[in-house]
Amino acid sequence: MKKLYGEERRNVLLDELKQAGRPMTGSALAKLAQVSRQVVVGDMTLLKAKGEPIIATSQGYLYLDPSGNKQVSRRIACSHRPEETEAELRLLVDCGVTVKDVSIEHPVYGELTAGIHVSTPLDVDLFMQRIRDTGASYLLELTEGTHIHTITADLPETLANAVEAMKQHGYLLEEAE
């Protein structure tokens with residue numbers, strides 16, 4: 001493919017994200033468009049500013065198609081030690097849910113939310129590897145373990161089963177409104 005410029009490049013990247021149905025790394029998108037990863041970061045910012053539902057996850061950029069989303073979601077308040085994060089995420093994906101994000105209530109900034117978007121054990125592995133590789137801290141470390149997850153699934157019963165599993169493992173505080 002020839003090197004792409006400006007709006008044409010952004011349209012190609014947007015189409016690629018829409019078709020992928022999964023996160024794509026900035027490096028993969030940069031290779032496709034024959035530009036640097038930093039150019040892709042700028043392109044994603046411009047596309048988001050135009051209202052495109054693109055989010056950056058630990059696995060890459062993801063296009064969220066609002067028209068095709070038939071899933072149910074629930075916010076759950078959780079608490080655990082940082083070293084229990086992997087076990088918590090595995091428990092949730094093993095129940096068949098997607099962990100969409102994590103939020104905390106910060107005393108200065110208010111609610112802070114970060115996308116996680118893990119649905120499978122492999123997604124959890126990749127997320128945890130990214131944490132280890134970067135040395136990043138968990139948001140829950142700012143709140144002594146308290147945090148909120150948005151979880152999604154195809155059926156309300158799947159969410160209910162995940163909530164029950166979280167209760168049984170002592171991770172659930174209460175349901176968030």
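Strands here are DSSP runs of E with at least two residues, helices are runs of H or I with at least four residues, and both are numbered from the N terminus. Two strands pair if DSSP finds at least two bridges between them. You're looking at a predicted model, where local features need pLDDT of at least 70 and side-chain atom pairs count only at pLDDT 80 or more, while totals for chains, interfaces and linings use all residues. Residues are numbered from 1 along each chain as its sequence is written, and side-chain values use heavy atoms, leaving out hydrogens and water.

Strand β1 (residues 54-57) pairs with β2 (residues 60-63) in the antiparallel sense, over four bridges. The two are joined by a hairpin through two residues, and T57 sits opposite G60 in β2.

Next, pick I76, L92, V118, I151 and M166. These have the most contacts inside the largest nonpolar core, which has 26 residues. (A nonpolar core is a set of buried Ala, Val, Leu, Ile, Met, Phe, Trp, Tyr and Cys residues joined through side-chain atoms within 4.5 Å; buried means under 20% relative accessible area with a 1.4 Å probe, protein chains only.) Elements giving two or more residues to this core include β3 (72-79), α4 (85-94) and α6 (156-168). With five residues, α6 gives the most. Apart from this core lies another, of 14 residues, including M24, L29, V35 and L47.

Last stop: T152, in strand β6. Is T152 buried or exposed? It's buried, at 11% relative accessible area.

Notes
Buried means under 20% relative accessible area, exposed over 50%, partly exposed in between (1.4 Å probe, protein chains only).
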